[in-house]
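The report below describes helices, their packing and several individual residues. The sequence and the structure are shown first.

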Amino acid sequence: MDEKQRKICGHLRELQSSEAADWLMERYPISNVQWGEALLVIPHRSWEKRDQIRLAKYYFSKIPFASARGYEAFASFMSVTSLISVIRDFVPPSAEDRRLIEYHLAPVLRRKAESDKDMAAVRSFLDALA
């Protein structure tokens with residue numbers, strides 16, 4: 001993380017969760033080529049559950065990602081079931097895009113799954129992707 005990102009993280013921690021989420025979505029809209037920088041700072045503060053979901057829905061509307069970074073960012077603080085629930089709403093119909101999602105997301109979900117319930121949710125989701 002560079003100095004600019006450290007300053008952004010500090011600023012985000014000074015704001016309420018909802019204000020920080022608003023700030024990120026305004027500063028790093030998905031229409032901006034630098035929107036991925038938001039994925040670097042998102043894991044560095046605590047988010048209220050509703051803001052976790054709101055941020056995930058906003059940034060996951062851009063999937064499939066070209067790497068696991070976006071999935072890892074949200075997996076660092078969201079539960080497996082919440083993560084799957086949000087991603088499920090944005091899975092594209094293209095088989096190629098679905099394979100790309102599976103390629104990057106499956107390892108993240110498997111690492112994050114801590115219980116039998118989590119593992120069952122991961123298997124069910126990955127089966128549905130295929």
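Apart from residues up to four places away in sequence, Ala106 touches Ile101 and Leu126; contact here means heavy atoms within 4.5 Å. The model is predicted, so local features need pLDDT of at least 70 and side-chain atom pairs count only at pLDDT 80 or more, whereas totals for chains, interfaces and linings use all residues. Residues are numbered from 1 along each chain as its sequence is written, and side-chain values use heavy atoms, with hydrogens and water left out.

Ala106 belongs to helix 7 (residues 95–112); helices are DSSP runs (H or I, at least four residues), numbered from the N terminus. With a relative accessible area of 4%, Ala106 is buried. The accessibility classes are buried (under 20% relative accessible area), exposed (over 50%) and partly exposed (in between), computed with a 1.4 Å probe on protein chains only. Ile42 lies 64 residues from Ala106 along the chain, and the C-alpha atoms of the two are separated by 21 Å.

## Helix 1 and its two sides

Helix 1 (residues 3–14) has twelve residues, which at 1.5 Å a residue should span 16 Å; the end C-alpha atoms are 17 Å apart, in agreement with that value. The expected span is 1.5 Å times one less than the number of residues in the helix.

The buried residues in helix 1 are Gln5, Ile8, Cys9 and Leu12. They lie on the same side of helix 1 because they cover an arc of only 100° around the axis, the arc being that of the directions from the helix axis to the C-beta atoms. The buried residues of helix 1 pack against helix 2 (17–27) and helix 3 (37–41). On the face turned away from this buried side, helix 1 carries the exposed residues Lys7 and Glu14.

In helix 2, the buried residues are Ser17, Ala20, Ala21, Leu24 and Met25. Their arc around the axis is only 130°, which puts them on the same side of helix 2. Helix 1, helix 3 and helix 4 are the elements against which the buried residues of helix 2 pack.

Leu40 is placed in helix 3 and is partly exposed, with a relative accessible area of 30%. Its contacts, leaving aside neighbours within four places in sequence, are Met1, Gln5 and Arg69. Between Leu40 and Ala21 there are 14 Å from C-alpha to C-alpha, at a sequence separation of 19 residues.

Helix 4 has twelve residues and extends 16 Å from its first C-alpha to its last, close to the 16 Å expected at 1.5 Å a residue. Asp51, Gln52, Leu55, Ala56, Tyr59 and Phe60 are buried in helix 4. Seen down the axis, the buried residues of helix 4 fall within an arc of 150°, so they line one face of the helix. These buried residues pack against helix 2, helix 3, helix 5 and helix 6.

The loop between helix 4 and helix 5 (69–75) contains Pro64. Most peptide bonds are trans. The bond from Ile63 to Pro64 is cis, with omega near 15°.

## Packing of helix 4 with helix 6

Two packed helices are described by the angle between their axes and the distance between the axes. For helix 4 (residues 49–60) and helix 6 (residues 80–88), the angle is about 35° and the axes are 9 Å apart. The axes are lines fitted to C-alpha atoms over the stretch in contact, and angles run from 0 to 180 degrees between N-to-C directions. Helix 4 passes helix 6 in a right-handed crossing, that is, the near helix is turned clockwise from the far one by less than a right angle.

From helix 4, Lys49, Ile53, Ala56, Lys57 and Phe60 meet Ser82, Leu83, Val86 and Ile87 of helix 6. By class, this contact has six nonpolar, one polar and two charged residues; Ala, Val, Leu, Ile, Met, Phe, Trp, Tyr, Cys and Pro count as nonpolar, Asp, Glu, Lys and Arg as charged, and the others, Gly among them, as polar.

Ser85 also lies in helix 6 and is partly exposed, with a relative accessible area of 40%.
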